[in-house]
2 protein chains.
Amino acid sequence: MEDKVLKYLSNYTSTTKELEGAVKESAFFKTYKKGTILLKEGSFSNECYFIVEGCIRSYFFKDGEEKTIEFYTEEDVVTPVNYGKSTPSRYYLECVEDTVVNVGNPTIEKEMYQKYPQLESLSRVIAEVILTKQQETFTEFKTSTPEERYLNLLKTKPGLLQRVSQYQIASYLGVKPESLSRIRKRIIHE
Amino acid sequence: MEDKVLKYLSNYTSTTKELEGAVKESAFFKTYKKGTILLKEGSFSNECYFIVEGCIRSYFFKDGEEKTIEFYTEEDVVTPVNYGKSTPSRYYLECVEDTVVNVGNPTIEKEMYQKYPQLESLSRVIAEVILTKQQETFTEFKTSTPEERYLNLLKTKPGLLQRVSQYQIASYLGVKPESLSRIRKRIIHE
DNA sequence: TTGATTTCTTAACTTAAGTCAACGAGTTCA
DNA sequence: TGAACTCGTTGACTTAAGTTAAGAAATCAA
């Protein structure tokens, strides 16, 4: 399973023996059953995850309704907003499927950065890349209609619709479930 | 002016003599007149900016219309999406006011990281903090109505409305200028 | 396998944003 | 100074999402 992590990192850097060692050393995997809540609203977070297999959803409640923030799948990094902080979480993290993850925590992280300074550099690069992607996603969202957002989702995350409930997709797209249902109908009859 | 940069960095780390030296060494300031285009669609980017004073707007064209992505003001870091890459920009960067910035480029950056490894660690932390803020902003946007977004903007960026045109604010909020005008009217009469 | 529950769809109605067009207050500049 | 622009506002109309309610379809559990 370390292979999956190394494969991911190789997108950003040339994988040296040293990096391989670092990954093997810190690799701590865990499997969760579908439905497992990894983080609850109000609790603290000392874990971040790299998804080897499965799907994790982050969501929170607003006006009594569940709002899905993000779906994380294979090769995604999940860092809770309050990871390593002493502030309670506004969000939930839930396994939408049986999920295998590489678990990290602030202590391991610090140790690894000490021991392998290149890792810190790598983390900076990855954080910057993710930030850029996030910006593009946000821009795309802002300048699209709900229908365009749905079509875009089909393109950018094909297969997701088969993996999660439609009402969760709806709030992810910023619309009500009834609207998503109509959007889908509209698209079919076009 | 180096003070401003150091003050910003002190939000994230304790400012050592070494850090001070690093900042002084790499500090390269520039002043632009209102209306200056720092980056054009189709061109390459070798500069990033830390705003000491003034306001920069990023935008692009979609369906023949200007869409404002972000307004950057004092103490904000502006990193073009294609910064240091060999891909052409989809975006424009424009000074909305006379603006003073600290200019960075990939070469300086690399040198500094070499010379002061703590800087790289600091950059990682800052990138992660900005990423988290960005996520929260996106979530807020997704789960709000245009009216709520406008009220939120007044709270989170007070004064911005006095600094930039209303039609630019409108596309930033994801609505048409006419709608923003109506939203403002509605709020007054409530 | 069947009964309960959850999820999805449909319909009727309301609400607010988009569209198109016009107008007035500034601003620019020739 | 006055003609041309830009920007914000308003009005009439269109369109699509929200709301509420009901029922069909799919899923889960006893």
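**Strands, helices and contacts**

Author: Start with a pair of strands in chain A. Strand β4 (residues 56-62) and strand β5 (residues 65-72) of chain A pair in the antiparallel sense over seven bridges. Strands pair if DSSP finds at least two bridges between them. Strands (E, at least two residues) and helices (H or I, at least four) are DSSP runs, numbered from the N terminus.

Reader: Before we go on, what kind of model is it?

Author: This is a predicted model: local features need pLDDT of at least 70, side-chain atom pairs count only at pLDDT 80 or more, and totals for chains, interfaces and linings use all residues. Residues are numbered from 1 along each chain as its sequence is written, while chains are lettered from A and ligands numbered from 1 in the order in which they are written.

Reader: Back to the pair. Which residue in β5(A) is the bridge partner of Arg57(A)?

Author: Phe71(A).

Reader: And how many residues sit between β4(A) and β5(A)?

Author: Two, and the strands form a hairpin. Asp63(A), in the turn, has a positive phi of about 55°.

Reader: What order do the strands of the open sheet in chain A have?

Author: The order is β1-β8-β3-β6 in chain A, four strands with antiparallel pairing. At the edges stand β1 (29-32) and β6 (77-78) of chain A; each has a single partner strand, so one side of each is left without a neighbour in the sheet.

Reader: How many bridges join β3 to β6(A)?

Author: Two bridges join strand β3 (residues 48-53) of chain A to β6(A). There, Tyr49(A) stands opposite Val78(A).

Reader: What about the open sheet in chain B?

Author: Chain B has an open sheet of four strands, in the order β1-β8-β3-β6. Four bridges join β1(B) to strand β8 (residues 99-104) of chain B. One pairing there is Phe29(B) with Asn102(B).

Reader: New topic. What rotation superposes chain A on chain B?

Author: A rotation of 180°, with 0.0 Å of shift along its axis and an RMSD of 0.0 Å. That is the relation of a two-fold axis. In chain A, the C-alpha nearest the axis belongs to Arg124(A), 2.1 Å from it.

Reader: How many residues are in contact between the chains?

Author: 22 residues of chain A are in contact with 22 residues of chain B. Contact puts their C-beta atoms, placed from the backbone, within 7 Å. The largest share of chain A's side, 16 residues, comes from α4(A). That side divides into seven nonpolar, eight polar and seven charged residues. Ala, Val, Leu, Ile, Met, Phe, Trp, Tyr, Cys and Pro count as nonpolar, Asp, Glu, Lys and Arg as charged, and the others, Gly among them, as polar.

Reader: Why do the copies meet through the same surface?

Author: Because 100% of the interface residues of chain A are also interface residues in chain B.

Notes. Least-squares fit on C-alpha atoms with pLDDT ≥ 70 in both. Contact = placed C-beta atoms within 7 Å.
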